[in-house]
Amino acid sequence: MDLEQLKKRFRLKGDYHTHTVYSRMWFYLHGKGRVIDNVRAAAEKGLTELGITDHGPWDFYGLDIKRIPEMRRDIAQAVKEFPLVSVFLGVEADIVDSPNGLDVSPEDFGRFDYVNAGYHYVPHSCMIRNWLSFHIPFPKAAKEKLRRRNTDRIVKALTHNNIRILTHPGDKAFIDEHEVARVCAETGTLVEINVRHRHPDAEDLKIYASYDNLFVISSDAHKPENVGRYLKCLELALEAGITPDRIVNIVDQ
Ligand SMILES: [Zn+2]
Ligand SMILES: [Zn+2]
């Protein structure tokens with residue numbers, strides 16, 4: 001099936017991982033659109049569900065927890081204008097060395113409709129070593145040690161918290177895919193296939209598919225025009241042998 005045929009047969013019903021101007025550092029806007037811009041884009045593309053999931057608070061571009069009420073107000077306003085889209089306030093928490101393994105505390109966790117989690121280059125996440133491991137030749141033993149530590153942190157984050165989506169596993173941190181696949185299956189965490197990142201790639205996805213996992217395709221849009229992008233990832237999933245019925249936001253029409 002070519003992309004046009006795929007688009008006709010399979011549509012995306014919801015995009016549960018998008019960023020807005022609440023992902024920012026001082027005056028630098030990491031996410032380019034406002035909440036309403038993402039909601040409008042979702043409505044125009046025929047999505048019925050949308051997640052606003054800005055970066056966790058320890059991220060360089062992380063949201064400010066104090067602004068949650070403002071985010072809720074923006075969502076309520078946007079839904080008035082685009083009532084056909086159900087909009088959720090989520091967060092893309094960082095997997096870090098903290099008591100619950102996230103940069104979102106247990107107290108703040110319930111203030112979001114759901115919490116996604118993933119690795120990023122942020123403090124308390126072996127940031128420098130992880131960055132270097134992707135950019136320079138890295139001694140094998142050191143890389144193995146880092147892989148072990150990254151994997152342990154994911155296991156901790158997923159078993160201590162009710163995480164909806166593990167975002168772009170294998171990107172920004174080397175991991176043991178088999179172990180991560182197993183813990184996603186055990187905890188019912190959705191494995192993300194991410195439009196913006198190189199991992200998981202087809203080889204990684206074959207490993208995840210060999211466990212009892214469900215998947216989700218996310219645009220990870222940082223600009224409104226990218227909300228709802230999915231075709232490239234659907235093609236990748238099919239290439240890896242994942243049937244569309246295992247992707248929770250794909251509708252076979
Ligand atoms: Zn991310
Ligand atoms: Zn993201």
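This is a predicted model: local features need pLDDT of at least 70, side-chain atom pairs count only at pLDDT 80 or more; totals for chains, interfaces and linings use all residues.

Biologist: OK, back to histidine 124. Where is it, and what is its phi?

Modeller: Histidine 124 sits in the loop between strand 7 and helix 5 (127-135). Its phi is near 65 degrees, a positive value in a residue other than glycine. Most residues other than glycine have a negative phi. By the way, helices (H or I, at least four residues) and strands (E, at least two) are DSSP runs, numbered from the N terminus.

Biologist: What about lysine 172, buried or exposed?

Modeller: Lysine 172 counts as buried, because it has 24 C-beta neighbours inside 10 Å. Its phi is positive too, near 70 degrees, and its place is the loop between strand 8 (165-166) and helix 7 (177-187).

Biologist: And which peptide bond is cis?

Modeller: The one from histidine 199 to proline 200, with omega near 0 degrees. Proline 200 is in the loop between strand 9 and helix 8.

Biologist: Switching topic: how many helices and strands does the chain have?

Modeller: Nine helices and 11 strands. The radius of gyration is 18 Å, close to the 18 Å from the globule rule for 253 residues, so the chain is as compact as a globular protein of that length. That radius is taken over C-alpha atoms, and the rule is 2.2 Å times the number of residues to the power 0.38. Buried residues make up 43% of the 253 residues.

Biologist: Why is strand 7 called largely enclosed?

Modeller: Four of the five residues of strand 7 (residues 114-118) are buried, so the rest of the structure largely encloses it. Strand 6 (residues 86-94) runs parallel to strand 7, and five bridges join them; strands pair if DSSP finds at least two bridges between them. Valine 91 stands opposite valine 115 in strand 7.

Biologist: Now helix 9. Which of its residues are buried?

Modeller: Cys233, Leu234 and Ala237 are the buried residues of helix 9 (residues 231-239). Looking down the helix axis, they fall within an arc of 105 degrees, so they line one face of the helix. The arc is that of the directions from the helix axis to the C-beta atoms. Just after helix 9, glycine 241 takes a positive phi of about 85 degrees.

Biologist: Then comes isoleucine 242. What is it in contact with?

Modeller: Leaving aside neighbours within four places in sequence, isoleucine 242 is in contact with Leu205, Ala209, Phe215, Ala237 and Ile247. Contact means that the C-beta atoms of two residues, placed from the backbone, lie within 7 Å. Isoleucine 242 is in the loop between helix 9 and strand 11, and it is buried, with 23 other C-beta atoms within 10 Å.

Notes
Residues are numbered from 1 along each chain as its sequence is written. Chains are lettered from A and ligands numbered from 1 in the order in which they are written. A residue is buried if 20 or more other C-beta atoms lie within 10 Å of its own, exposed if 12 or fewer, and partly exposed in between; C-beta atoms are placed from the backbone.
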